[in-house]
Amino acid sequence: MKPNLSIRGFQIYEKFLDDDAQRALTAELRALIVTTPMVQPVLAGGRRMSVRMTSLGKLGWVADAAGYKYQSHHPNGQPWPAIPPSVLNI
C-alpha cells in the first residue's frame, strides 16, 4: 500500500482502517488504559506538561520531579499493558 500523502517525514494512509476498525481499535485501547490511566507528566522544574499520556509495552516514558526516564510500570505502580496484536499489525 502506498501512502496518500507524506508530510514532514510522516506517511499518511487515508482509510487504512475503515470506520468500524477505527472504533474497535479505540475501544480496545480505552479498555487497556483502565489500569494505567492517562497522566499529565510533571517536568523536573515542577511545571506540568500540556499533554496527558500513558504507555503500552515493556517500558513507558515518564516524567516527574526526579527527571525523565523509561520504566516498566505506570506511576501508580501497575505494569504497562502489553501492546495488543491489533496495534502491532498496523
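**Exercise 1.** Where is proline 75 found, between which strand and which helix?

Solution. Proline 75 sits in the loop between strand S4 (67-71) and helix H2 (85-88). Helices (H or I, at least four residues) and strands (E, at least two) are DSSP runs, numbered from the N terminus. The model is predicted: local features need pLDDT of at least 70, side-chain atom pairs count only at pLDDT 80 or more, and totals for chains, interfaces and linings use all residues. Residues are numbered from 1 along each chain as its sequence is written, and side-chain values use heavy atoms, with hydrogens and water left out.

**Exercise 2.** State whether proline 75 is buried or exposed, and list its contacts beyond four places in sequence.

Solution. Step 1: the relative accessible area of proline 75 is 52%. Step 2: buried means under 20%, exposed over 50%, and partly exposed in between (1.4 Å probe, protein chains only). Proline 75 is therefore exposed. Step 3: with neighbours within four places set aside, proline 75 is in contact (heavy atoms within 4.5 Å) with Val62 and Trp80. Step 4: proline 37 is 38 residues from proline 75 in sequence, and the two C-alpha atoms are 9.6 Å apart.

**Exercise 3.** Compare the span of helix H1 with the expected span.

Solution. Step 1: H1 covers residues 19-32, which is 14 residues. Step 2: the expected span is 1.5 Å times one less than the number of residues, here 20 Å. Step 3: from first C-alpha to last, H1 reaches 20 Å, close to that expected value.

**Exercise 4.** Find the salt bridges and classify the exposure of their residues.

Solution. Step 1: the criterion is a side-chain nitrogen of Lys or Arg within 4 Å of a carboxyl oxygen of Asp or Glu. Side chains of opposite charge can pair when their charged atoms come close. Step 2: a search of the whole structure gives 2 salt bridges. Step 3: arginine 23 pairs with aspartate 20, with the closest N and O atoms 2.9 Å apart. Both residues lie in helix H1, 3 residues apart, about one turn of the helix. Arginine 23 is exposed at 53%, and aspartate 20 is exposed at 54%. Step 4: lysine 69 and aspartate 64 form a salt bridge at 3.2 Å, N to O. Lysine 69 is partly exposed at 32%, as is aspartate 64 at 27%.
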